[in-house]
Amino acid sequence: MQYIKAIHIIFVVTWFAGLFYLPRLFVYIREADEKKQSNDLRAQLILMAHRLLYIITWPSAVLTFIFGNWMLIKTGYYKILLSSSGSWMGIKYLLVIALYAYQISLDVILRRLKSNALTMNSFKLRLYNEVPTVLLIAIVMLVVVKSNISAIYGVFGLLILVAVLLSASYLYRQARNQ
């Protein structure tokens, strides 16, 4: 069982590496477009993003799903998933589903970037880059704390985190434009 858990954690880490870095590559691609930089740079960044998404991020996401569910079944947590004591696990599953939806959206963004059809500017992509950070914090807190009472504090903490991240992004944008 410990091996399954270890492998699950390894693939969660590699999955998040892709979720964190891929939108950053999108920012660089968009900035190259906005600055009218060479097509060679854009092509190289697109190639890097493509490889990251399809060689690292998607396989890691699939293996995270497989080993996570294997662990869920092996430990018997699936039995409490819909009970009040296991509602933290249900919420965690919803957040993980949100991560998969986010990853699908990254796939769509990459396809639009490849065809020069993306309308998001680099600043919006920077903001979009923060989504997995918020979800990661929420998931880790749920898994470690496993308490429904802490949910109110967790939601409040996440709202503060989102406000801080948005503020930092806007401050960075202002400083960069000066």
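Guide: Asn116 has a relative accessibility of 59% and therefore counts as exposed. In these terms, a residue is buried under 20% relative accessible area, exposed over 50% and partly exposed in between, with a 1.4 Å probe and protein chains only. Asn116 sits in the loop between α3 and α4 (122-128). The model is a predicted one, in which local features need pLDDT of at least 70 and side-chain atom pairs count only at pLDDT 80 or more, while totals for chains, interfaces and linings use all residues. Residues are numbered from 1 along each chain as its sequence is written, and side-chain values use heavy atoms, with hydrogens and water left out.

The backbone at Asn116 deserves a remark. Most residues other than glycine have a negative phi. Asn116 is not a glycine, yet its phi is positive, at about 60°. This residue comes just after α3, and that helix is the part to follow from here.

Helices are DSSP runs of H or I with at least four residues, strands are runs of E with at least two, and both are numbered from the N terminus. By that count the protein chain has 6 helices and 0 strands, in the order α-α-α-α-α-α along the sequence. Of the 178 residues in the chain, 35% are buried.

Helix α3 has 28 residues, which at 1.5 Å a residue should span 40 Å; the C-alpha atoms at its ends are 41 Å apart, in agreement with that figure. The expected span is 1.5 Å times one less than the number of residues.

Leu113 belongs to α3 and is buried, with a relative accessibility of 1%. Its C-alpha lies 9.9 Å from that of Asp33, although Leu113 and Asp33 are 80 residues apart in sequence. Ile109 is also found in α3 and counts as buried at 6% relative accessibility. Between Ile109 and Phe26 there are 8.1 Å from C-alpha to C-alpha, and 83 residues in sequence.

Next comes the packing of α3 with a neighbouring element of the chain. Two packed helices are described by the angle between their axes and the distance between the axes. The axes are lines fitted to C-alpha atoms, for helices over the stretch in contact, and the angles run from 0 to 180 degrees between N-to-C directions. Helix α3 (residues 87-114) and helix α2 (residues 39-75) have axes that come within 11 Å and cross at roughly 160°. The two helices are therefore roughly antiparallel, the word for angles over 145 degrees; those under 35 are roughly parallel, 65 to 115 roughly perpendicular and the rest oblique. Their contact comprises 14 nonpolar, 5 polar and 4 charged residues. Here Ala, Val, Leu, Ile, Met, Phe, Trp, Tyr, Cys and Pro count as nonpolar, Asp, Glu, Lys and Arg as charged, and the others, Gly among them, as polar. The crossing of α2 and α3 is left-handed, that is, the near helix is turned anticlockwise from the far one by less than a right angle; clockwise would be right-handed.

Helix α2 also packs with α1, at an angle of about 155° and with axes 7 Å apart. That crossing is left-handed too, and its contact has 26 nonpolar, 7 polar and 4 charged residues.

Rings of Phe, Tyr and Trp (its six-membered ring) pair if their centres lie within 6.5 Å, and planes under 30 degrees apart count as stacked, over 60 as edge-to-face and the rest as tilted. The count comes to 7 aromatic pairs. One of them is Phe11 with Phe67, stacked at 6.2 Å centre to centre with 10° between the planes. Phe11 is in helix α1 (residues 2-34) and Phe67 in helix α2, 56 residues apart. Phe67 is buried at 14% relative accessible area, and Phe11 is partly exposed at 22%.

Another pair returns to α3. Phe65 and Tyr100 have ring centres 6.4 Å apart and planes at 90°, so the pair is edge-to-face. Because Phe65 is in α2 and Tyr100 in α3, the pair ties together parts 35 residues apart in sequence. Tyr100 is buried, at 16% relative accessibility, whereas Phe65 is partly exposed at 47%. Ring pairs also join Phe65 and Tyr100 into a cluster with Trp15, Phe16 and Phe20.
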